[in-house]
Amino acid sequence: MQRNESNQYHIQGLSPEKLVQEFESPLYVYDAGTIRQKVGELQSAFQAVDLKIKYACKANTNLSILRLMRELGVELDVVSPGEMQMGVLAGYTTSQITFTPSGVPFSEVKQAVDAGAIVNLDSLPLLEWFGQTYGATKPCMIRIKPNVAAGGNEKIMTAHADSKFGISVLLLDSILDIVNRYDIKVIGLHQHTGSDIKDAAPFLKVADILFDAAKHFKDLQIIDLGGGFKVSYKPGDGITDMKLLGSKISERFQKFCQAYGKPLQLWFEPGKFLVSESGYLLTTVTVVKEDPARNFVHIDSGLNHLIRPMMYGSYHHILNTSNPSGPEKHYNVVGYICETDTFASDRVLPEVRQNDILAFMNAGAYGITMSSNYNARFRPAEVLVDHGQASLIKRRETLEDLLRTQMGL
Ligand SMILES: *Cc1c(COP(=O)(O)O)cnc(C)c1O
């Protein structure tokens with residue numbers, strides 16, 4: 001979101017008010033320019049190595065966004081057969097898709113392997129099954145749990161000792177035993193530390209752990225360091241310094257490749273980094289309640305459309321785009337769902353009036369993909385703005401969408 005000379009907010013010249021007029025409220029809007037910029041930032045930070053970006057598409061699976069990623073040379077990391085099928089619909093070949101499941105039925109892994117995707121195996125029983133089923137005939141990767149605690153908060157850490165994800169690095173002997181017994185072709189080692197990791201230090205730490213484990217595998221082509229880069233949530237927020245991270249990791253990676261004896265590919269699987277800042281949830285103020293305890297601002301949305309603040313305390317910056325220069329006041333911004341769905345407590349905003357548009361920032365990742373039909377509410381439409389043009393990339397739901405799977409109508 002930018003501001004023009006008269007202080008009005010706009011996305012590539014389009015005002016939130018105009019977008020809501022055309023596509024109605026609430027509305028998810030994505031700026032394709034921001035996605036291009038983020039992809040470019042990552043590519044240039046790692047230009048010294050053979051980098052492959054695998055977009056962790058659970059962040060946002062809109063087909064138009066997947067197609068944009070494909071155009072930009074970004075491949076996919078999926079966590080379910082459904083995501084994989086969406087990738088294929090967006091034009092990806094299965095060989096460009098990595099399946100990184102977490103404790104799924106082995107039949108899902110079989111489906112992915114047989115379709116030609118590479119799978120990140122995340123448990124010893126799955127590794128054993130893979131060996132029995134495929135022996136040396138199919139390549140695979142292994143998801144290692146490095147036992148490193150890092151990330152924005154405990155709910156979004158995925159590599160500490162207590163995390164369910166991956167195979168503990170402490171079990172390396174058992175891993176190697178199975179790999180050698182079945183002659184499994186392990187072409188990559190993977191780890192994903194968590195989300196909202198700002199500093200380079202945790203990335204370097206897990207990289208060293210993976211490099212160390214990697215010495216024991218003879219067929220490697222890939223080291224995959226996962227996603228989790230921290231993005232900006234409010235003006236002046238500290239974010240991952242991509243340039244610094246790129247130079248530090250690249251240097252160590254090159255050293256590792258030399259010691260390993262051949263050049264490998266370095267993979268990352270960012271979700272949030274690529275799409276979070278591209279997205280806005282535009283909502284309309286339904287009522288302003290001046291309560292003796294608090295000023296409540298109700299909007300035409302709730303935890304059914306954006307659950308991150310309620311689920312793991314995420315901060316979403318909010319702009320009152322209808323009254324950008326109004327006098328500042330304190331508000332609790334809340335939803336219309338019959339649960340306590342507080343988006344923001346004691347937030348300072350320019351004076352909020354009924355029918356004002358409130359824009360939630362960082363709504364491009366884990367917004368629509370985590371949404372639900374709770375309270376029999378419909379999901380918003382989604383719009384992609386590119387080259388100053390807004391196109392509808394998903395229509396608003398209707399009652400028919402909610403009833404489609406019900407019997408006895
Ligand atoms: C969710 C996920 C990611 C992306 O995490 P971000 O914090 O959005 O970058 C990467 N890899 C795996 C395996 C994931 O499950």
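Buried, as used in this note, means under 20% relative accessible area. The points below concern a predicted model.

1. **The annotated lysine.** An unreviewed UniProt entry lists Lys-58 under "modified residue: N6-(pyridoxal phosphate)lysine". In the model, Lys-58 sits in the loop that runs between β4 (51-56) and α3 (63-71). The residue is partly exposed, its relative accessible area being 35%. Beyond residues up to four places away in sequence, Lys-58 touches Val-79, Glu-83, Tyr-366 and Thr-369.

2. Which side chain places an N or O atom 2.5 Å from an oxygen atom of the ligand? That side chain belongs to Tyr-366. Backbone atoms also take part: a backbone N or O atom of Gly-228 is 2.8 Å from a ligand oxygen, and a polar backbone atom of Gly-271 is 3.0 Å from an oxygen atom of the ligand. On its own the ligand has 390 Å² of accessible area, of which the protein covers 94%.

3. **Helix α6.** Within α6 (residues 124-134), the buried residues are Leu-126, Leu-127, Trp-129, Phe-130, Gly-131 and Tyr-134. Their packing partners are α5 (106-115), β7 (118-121), β8 (139-145) and α7 (172-182). As background to this pattern, an α-helix has 3.6 residues a turn, so residues three or four places apart point the same way.

4. **Ends of α6.** The N-terminal end of α6 is capped by Ser-123, which has a side-chain oxygen 3.2 Å from the backbone nitrogen of Leu-126. Leu-126 is itself among the buried residues of the helix. Just after α6, Gly-135 adopts a positive phi of about 50°.

5. **Aromatic pairing.** Over the whole structure, a search finds 13 aromatic pairs. In the pair formed by Phe-203 and Phe-229, the ring centres are 5.2 Å apart and the planes lie at 35°, so the pair is tilted. This pair links distant parts of the chain, 26 residues apart: Phe-203 belongs to helix α8 (residues 200-214), and Phe-229 to the loop between β11 (222-224) and α9 (242-260). Phe-203 counts as buried because its relative accessibility is 1%; Phe-229 is likewise buried, with a relative accessible area of 1%. Both rings belong to one aromatic cluster, formed by Phe-46, Phe-203, Phe-229, Phe-268 and Phe-273.

6. **Asp-401.** Helix α12 (residues 399-403) contains Asp-401. Is Asp-401 buried or exposed? Its relative accessibility is 19%, so Asp-401 counts as buried, the cut-off being under 20%. Its side chain makes a polar contact of 2.7 Å with the side chain of Arg-395. Neighbours within four places in sequence aside, Asp-401 is in contact with Arg-395 and Arg-396.

7. **Glu-75.** Glu-75 is buried, at a relative accessible area of 12%. With neighbours within four places in sequence left aside, the contacts of Glu-75 are Lys-52, Ile-53, Lys-54, Tyr-55, Tyr-92 and Gln-96.

Note on methods
Residues are numbered from 1 along each chain as its sequence is written. This is a predicted model: local features need pLDDT of at least 70, side-chain atom pairs count only at pLDDT 80 or more; totals for chains, interfaces and linings use all residues. Side-chain values use heavy atoms; hydrogens and water are left out. UniProt positions are given in the numbering used here, feature names are shortened, and annotations may be inferred rather than shown by experiment. Helices (H or I, at least four residues) and strands (E, at least two) are DSSP runs, numbered from the N terminus. Buried means under 20% relative accessible area, exposed over 50%, partly exposed in between (1.4 Å probe, protein chains only). Contact means heavy atoms within 4.5 Å. A polar contact is a pair of N or O atoms within 3.5 Å; within protein, one must be able to donate a hydrogen and the other to accept it, and residues adjacent in sequence count only if both atoms are side-chain atoms. Accessible areas come from the Shrake-Rupley method with a 1.4 Å probe; for residues, only the protein chains shown count as cover. Rings of Phe, Tyr and Trp (its six-membered ring) pair if their centres lie within 6.5 Å; planes under 30 degrees apart count as stacked, over 60 as edge-to-face and the rest as tilted.
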